[in-house]
Amino acid sequence: MTQTITVIRGDGIGPEIMDATLYVLDALKTGLSYEDADAGMVALEKHGDLLPQATLDSIRKNGVALKSPLTTPVGEGFSSINVALRRHFDLYANVRPAKSFPNTKSRFPDGVDLITVRENTEGAYIGEGQSISDDGETALLTQKITRKGSERIVRYAFELARKTGRKKVTVVHKANILKSTSGLFLKVAREVAALYPDIQCNEMIVDNTCMQLVMRPEQFDIIVTTNLFGDIISDLCAGLVGGLGLAPGANIGVDAAIFEAVHGSAPDIAGKGVANPCALLLGAAQMLDHLGQPDKAERLRAAIIATLEAKDSLTPDLGGSGNTMSFAKAIASRV
Ligand code: NAD
């Protein structure tokens with residue numbers, strides 16, 4: 001049976017990098033069929049809604065979406081469409097690989113190949129319990145960490161280690177100071193880790209983790225952590241491997257999963273045809289893994305690496321003089 005995925009072409013450079021990505025997926029002969037759905041500014045203009053019900057229905061039906069970046073209008077009362085999507089589908093695991101690629105601006109050309117697994121639904125980002133006193137002098141924020149939320153994200157990280165043949169999970173926390181919230185997360189993580197004797201587990205305090213990542217990133221394999229720490233660490237890791245142009249991300253829940261590039265809609269280069277499609281392509285590779293096509297995912301990653309090695313048609317952000325589509329064609333020719 002043909003698997004259908006929801007395709008959200010998004011805003012800014014979104015349609016350009018999605019065209020490029022689907023071109024490469026077609027060359028891979030994935031057998032996927034695509035159902036277009038709108039979100040972001042384009043949806044607001046067409047349907048009067050940033051996140052139309054039809055889009056939510058499409059993702060619910062297909063269970064998998066490939067999404068280009070969306071522009072969130074400033075001051076519209078909508079904090080972020082991406083956050084709304086994560087909440088709506090309870091996409092609890094944010095999975096962000098960071099890998100050094102040849103001929104990119106990575107500070108560690110050979111040394112980085114790690115995955116950050118960030119809890120996506122709890123902690124400081126739930127938007128509850130935020131208040132400022134009437135005199136504007138005191139602000140409060142409530143953080144909620146649950147056993148259930150901690151357990152499912154840590155399990156996800158260990159299962160991912162097993163599935164991908166990775167050997168070590170580092171639990172990142174601040175339980176020495178945040179004794180209740182980070183303390184509960186660490187306690188549950190230790191319990192879960194005991195169920196996976198085949199995977200090495202170590203614990204690291206978040207501030208030390210940041211230093212260690214910058215000095216010796218090769219010591220990390222999979223990092224699992226709570227929402228706020230994961231947000232910061234995963235961007236730090238993107239920086240280690242040369243920035244956002246090569247950073248994909250997956251948002252995984254029980255009933256749905258959304259795969260994307262980490263970067264935004266890049267309005268400064270939209271419409272010029274020069275956006276680097278690699279981040280969305282690498283998000284598509286994560287999607288193929290998720291869909292049970294790991295051989296195609298590997299071929300896609302290998303084709304990207306080979307194209308970077310050959311410096312064939314690279315986009316200007318990578319120092320080349322190619323464009324989005326010529327880069328995609330160079331990759332497609334190697335899949
Ligand atoms: P951005 O990531 O869009 O751009 C930052 C810089 O990186 C820009 O100079 C841009 O040209 C460059 N860049 C980004 N992606 C690139 C690519 N593929 N190839 C080459 N260069 C690339 O960040 P921003 O400017 O802060 O945000 C723009 C809009 O994107 C905002 O509306 C923001 O809300 C939205 N955004 C969406 C997502 C998402 O949908 N996942 C994520 C982040 C930001």
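Two strands count as paired if DSSP finds at least two bridges between them. Strands S4 and S11 meet that cut-off, because three bridges join them, and the two run antiparallel. The model described here is predicted. The protein is divided into domain 1 (1-101 + 246-334) and domain 2 (126-240), and an open sheet of 10 strands is present.

**Domains**

- The C-alpha centres of domain 1 and domain 2 are 26 Å apart.
- Contact between the domains involves seven residues of domain 1 and nine residues of domain 2.
- On the domain 1 side, the touching residues comprise five nonpolar, one polar and one charged.

**Nonpolar core**

- The largest nonpolar core contains 96 residues.
- Val117, Ala157, Ile222, Val224, Leu281, Ala284 and Leu300 have the most contacts inside this core.
- Helix H9 (residues 278-290) contributes nine residues, the most of any element.
- Both domain 1 (1-101 + 246-334) and domain 2 (126-240) supply residues to the core, so the core lies between them.
- Leaving aside residues up to four places away in sequence, Ile222 touches Leu114, Ile115, Val117, Ala157, Leu160, Ala161, Arg166, Lys168 and Val169.

**The sheet**

- Strand order is S2-S1-S3-S12-S11-S4-S5-S10-S8-S9, and the pairing is mixed.
- Strands of a sheet pair through backbone hydrogen bonds, in either a parallel or an antiparallel sense.
- Strand S2 (33-37) and strand S9 (200-205) form the edges, each pairing on one side only.
- On average, neighbouring strands of the sheet are turned by 25° against each other, direction ignored.
- Strand S3 (residues 64-67) pairs with strand S12 (residues 257-261) in the parallel sense over four bridges; Val64 has Ala257 of S12 as its bridge partner.

**Helices on the sheet**

- Helix H8 (residues 227-240) packs on the sheet and touches strand S4 (93-99), strand S5 (113-119), strand S8 (168-173) and strand S10 (222-225).
- The direction of H8 makes about 155° with that of S5.
- H9 lies across S3, S4, strand S11 (248-252) and S12, and runs at about 155° to S12.

**Strand S11**

- Five of the five residues of S11 are buried, so this strand is largely enclosed by the rest of the structure.
- In a regular strand, side chains alternate between the two faces of the sheet.
- Pro248, Ala250 and Ile252 point one way from S11, while Gly249 and Asn251 point the other way; all are buried.
- Towards S12, five bridges join the antiparallel strands S11 and S12, and Gly249 has Glu260 of S12 as its bridge partner.
- S11 and S12 form a hairpin, with four residues between them.

- Most residues other than glycine have a negative phi.
- Asp90 has a positive phi, near 50°, and sits in the loop between helix H4 (81-88) and S4.
- Asp90 counts as partly exposed, because 13 C-beta neighbours lie inside 10 Å.
- Ser313 also has a positive phi, of about 60°, and belongs to the loop between helix H10 (294-310) and helix H11 (324-332).
- Ser313 is buried, because 20 other C-beta atoms lie within 10 Å, and a residue needs 20 or more to count as buried.

Note on methods:
Residues numbered from 1 in each chain as written. Predicted model: local features only at pLDDT ≥ 70, side-chain atom pairs only at ≥ 80, totals over all residues. Domains from an automatic or database assignment. Contact = placed C-beta atoms within 7 Å. Nonpolar A, V, L, I, M, F, W, Y, C, P; charged D, E, K, R; others polar. Core = buried A, V, L, I, M, F, W, Y, C linked by C-beta atoms within 7 Å. Buried ≥ 20, exposed ≤ 12 C-beta atoms within 10 Å, placed from the backbone. Axes fitted to C-alpha atoms, helices over the stretch in contact; angles between N-to-C directions.
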